[in-house]
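User: I would like to go through this model with you. Could we begin with one of the helices?
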Amino acid sequence: MSATADHAEERTSLAARLGFQPEQVVQEIGFDDDVDQELREAIEEVIGSELVDEEYDDVADAVVLWFRDDDGDLTDALVDATTYVEEGGAILLLTPKTGRDGYVEASDIAEAATTAGLSQTKSISVGKDWSGSRLATPKAAKSKR
């Protein structure tokens with residue numbers, strides 16, 4: 001196997017480890033020039049289609065939320081993200097790693113997730129500049145609204 005094939009397999013397995021599956025609709029929020037293009041491509045490779053943007057007008061199976069410290073209130077961003085994802089779906093919160101511009105404290109992520117009614121299921125390094133937190137939406141929360 002070539003080095004590039006190994007690298008592609010490694011990226012794809014990261015997207016699969018993050019819980020992405022073929023044929024899912026994944027909505028991306030907070031896209032900017034600084035996002036990890038390799039991670040985006042790996043997710044698209046696993047789901048078999050492009051990520052949909054913030055203009056998508058239906059519920060998605062999962063949401064990828066790129067968030068930097070100066071993007072506003074994290075709790076509000078997470079609450080908004082839950083409106084885009086189907087009941088029981090996941091939100092992958094991506095924040096810059098420690099020491100990078102826009103870094104978000106882990107305690108702030110935990111507090112915002114709890115306040116937004118989400119539970120943190122996994123934290124993972126997703127590239128040289130980004131960390132990911134997989135957040136689960138409660139299955140019954142939306143039906144109680």
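User: What covers the buried residues of H4?
Analyst: The cover includes helix H3 (74–84) and the strands S3 (85–96), S4 (119–125) and S5 (130–136). Helices (H or I, at least four residues) and strands (E, at least two) are DSSP runs, numbered from the N terminus. This is a predicted model, in which local features need pLDDT of at least 70 and side-chain atom pairs count only at pLDDT 80 or more, while totals for chains, interfaces and linings use all residues. Residues are numbered from 1 along each chain as its sequence is written, and side-chain values use heavy atoms, with hydrogens and water left out.

User: Which residues of H4 are buried?
Analyst: In H4 (residues 106–115), they are Ile109, Ala112 and Ala113. They cover an arc of only 100° around the axis, which puts them on the same side of H4; the arc is that of the directions from the helix axis to the C-beta atoms. Buried means under 20% relative accessible area, exposed over 50%, and partly exposed in between (1.4 Å probe, protein chains only).

User: Which exposed residues are on the face turned away from the buried side of H4?
Analyst: That face carries Glu111, Thr114 and Thr115.

User: Changing topic: how many residues has the largest nonpolar core?
Analyst: It has 20 residues, and Leu39 and Val126 are among those with the most contacts inside it. H2 gives the most to this core, with 5 residues. A nonpolar core is a set of buried Ala, Val, Leu, Ile, Met, Phe, Trp, Tyr and Cys residues joined through side-chain atoms within 4.5 Å.

User: What is Leu39 in contact with, leaving aside neighbours within four places in sequence?
Analyst: Leu39 is in contact with Leu14, Leu18, Trp66, Leu94 and Val126. Contact means heavy atoms within 4.5 Å.

User: And how many aromatic pairs does a search of the whole structure find?
Analyst: The search finds 1 aromatic pair. Trp66 and Trp130 form it, edge-to-face, at 4.8 Å centre to centre and 80° between the planes. Rings of Phe, Tyr and Trp (its six-membered ring) pair if their centres lie within 6.5 Å; planes under 30 degrees apart count as stacked, over 60 as edge-to-face and the rest as tilted.

User: Where in the chain are the two?
Analyst: Trp66 is in strand S2 and Trp130 in strand S5, 64 residues apart. Trp66 is buried, with a relative accessible area of 2%, and Trp130 counts as buried at 2% relative accessibility.

User: Is Phe31 buried or partly exposed?
Analyst: Phe31 counts as partly exposed, at 42% relative accessibility. Its place is in the loop between strand S1 (26–29) and H2.
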